[in-house]
Amino acid sequence: MPALESLFIEKFRGLQDLQLNELGRINLMVGTNNSGKTSVLEALSIYSDPLNLREWWETSNSRIQEPRATRSSVSDAIKWLFPHNHLDEMHDDSNLDVGCISLSSQGTFPLVGLAASYEQIEELRFSQNDTKAEERAALTSGIELSVKIISQLSNEKDHTKFIANPPDLEDTVSKDRLKIQIWDGERVRFPRSSAHNFLVETVTPVSHRLEDSQFRLLSEARYQNFKSEVIDLLNSVDSGIEDIEILADLSSASALTHFSIYIQHATLGLAPLDTFGDGIRRLLHIALKVVRVKGGVLLIDEIESTIHTEALQSSYYWLAKWCEEMDVQLFATTHSLEAVDALLDVTNSQDDLVLFRLEPSIGKTKVTRHDWSRLKILREELGQEVRW
Amino acid sequence: MVSRRLALIGVEGNHDQAFLAKILRKSLGFTAFKDGEDDLDDLWRKFIPVYPPKSGKFHVRLNFPSILHTDKVSVAIYVGGGSSLTQSLSVILSNLDCSQLSSFGIVADSDKKLPEQVAVTYSTAFKEFFPEFFSTPGEVAGESFRSGIYVLPDNTSEGVLETLLCKCGEVAYPDYMKRASSYINSFSAEEIKKLKWKPYDREKATIATVASVLKPGKTNTVSISDNKWICQQTTDSVPELFALTDFLKKLLL
């Protein structure tokens, strides 16, 4: 049984009343630009650890590839996870400066519901000017974020009540709720609650370039005796790859603190990972994430990214096989018909692969669901377009 | 681009497709969409096959419907391939925004079944997409959304498209039809058994013979499209053709 059998996203970013039913082992999101594919992954990412403010912050920044210094404030970034309808705001003053997120699910996932809201807050703060010994007032703004979850064990099943009546709590985090004020220009505290942290990992089109996380992931894979399987996957792109290791950089004065990932290659010898193309690095990243998320949910944005079309089938064969072996439920987005076809080729049953096409429409995100059998006929017999 | 009402008609074979297209052009004022024109309605773009199929059938030509239009209506005639029409058209419909269609119809052979049975089979198959699909053979129902099924040859008898074509041929090409029938009738029962003819293959062979005389080296579809199987004279003289034309008129115009 998949961790998530269905997911209902009532409100999240631009998504509205999106119902994803009969989820499969591999769930592929397609649609035109701005249809909400990545938003589904972001919603799931937050759903995995909703009482962790850092998860909100990182998810809100996951699309930004610029250095941290240029990023927007925490409060601003988090606000944009909430739905914004400019037209509504123009006609209804009550919608200004507040927002709600609502998600619910069925399956063995520890949560069955999540409701969150924010409210724009302002405070007049007084500071003492040292030289003139006079008090100055400045208006500081921020948001108050309230999150409530409903777990499988909870008796409360109607999380929508929370949206209408947010709990009146002090800044706090408890086993089923988080309420926190985030002020612009202030260092943000990230209170930690792992009470409902479920195994969900995200692969973005660029996350494979963050080598810090690769060390940890590779070490985890090694400890789980999974390295040879990882090399199998890399061989789908380059058959010369024989081994992969973390080695100290001996040319550096501080050799004991500088490490790099190296690949033992049949023709290149021992070569640093970063001298290989993005395809190898991203596949390595995906493989290591599969190990990390055993029994959980893996989110891959742009599953075709950096992988040559000729290598899609063999890489996806590996991915489908190990998602099943590791009991991992996969949610991925794609713009590529070759990716759809390759996934069809490497899966073979009704529950293995489900394609969801998202289409924004007025007041609702429409969804078209194609299970594996239907998708097979559409693509392989009728050659039909399924992405829009 | 002009915004037109959109209609989809499912048929079982290429001959049916050519036959309906000719009725629409000849009797109902439609114009055929030609390759290269740039005003293909958006919904029909979804039918354009993308990439060759990966099933290993490398020589199979992927299907694209015949598109015809007036200023106000655009109709796609989709061939589903005999008995697989329900399966392939259902899958196609699942990939479309059916709410964009203002008309949906089926034109199918009765063969050896009762027309009502044929109609029920199709209406059941498409109820998922069109709950209000009207299943009385030969009739069209609905206002903002119209639907109907026409069971060849005449919504009451057993038969196929060629049953109707033979009647048209007897009006348009009586001499050729007589000579073709004489030739086909010269085959003995033993020969026909050896050739493994199925029901209605006699009619099909007769039409093919005449088509081959009218358009040597061409297919039946070319003859149906270019010759006078459907013309004012046949529409006036063959009640079944008149009824089918009237059905299409009610469904589309």
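## Working through salt bridges and a hairpin

At 35% relative accessibility, B:Lys167 counts as partly exposed (buried means under 20% relative accessible area, exposed over 50%, partly exposed in between, with a 1.4 Å probe and protein chains only).

Before you dig in: this is a predicted model, where local features need pLDDT of at least 70, side-chain atom pairs count only at pLDDT 80 or more, and totals for chains, interfaces and linings use all residues. Residues are numbered from 1 along each chain as its sequence is written, chains are lettered from A and ligands numbered from 1 in the order in which they are written, and side-chain values use heavy atoms, leaving out hydrogens and water.

**Exercise 1.** Find out which side chain meets B:Lys167 in a salt bridge, and where the two residues sit.

*Solution.* 
- Start with the term: a salt bridge is a side-chain nitrogen of Lys or Arg within 4 Å of a carboxyl oxygen of Asp or Glu.
- The partner turns out to be B:Glu240, at 2.7 Å from N to O.
- This pair links distant parts of the chain, with B:Glu240 in helix 11 (residues 239-252) of chain B and B:Lys167 in helix 5 (residues 161-172) of chain B, 73 residues apart. Helices (H or I, at least four residues) and strands (E, at least two) are DSSP runs, numbered from the N terminus.
- Now check the cover: B:Glu240 is buried, because its relative accessible area is 12%.

**Exercise 2.** Work out how A:Lys79 and A:Asp76 are placed, and whether each is buried or partly exposed.

*Solution.* 
- Both belong to helix 3 (residues 74-79) of chain A, and being 3 residues apart puts them about one turn of the helix from each other.

**Exercise 3.** Describe how strand 1 and strand 2 of chain A go together.

*Solution.* 
- Strand 1 (residues 6-12) and strand 2 (residues 15-20) run antiparallel, joined by 5 bridges; two strands pair if DSSP finds at least two bridges between them.
- Look across the pair: A:Leu7 faces A:Leu20 in strand 2 of chain A.
- The strands form a hairpin with 2 residues between them, and A:Arg13 in the turn has a positive phi of about 45 degrees.
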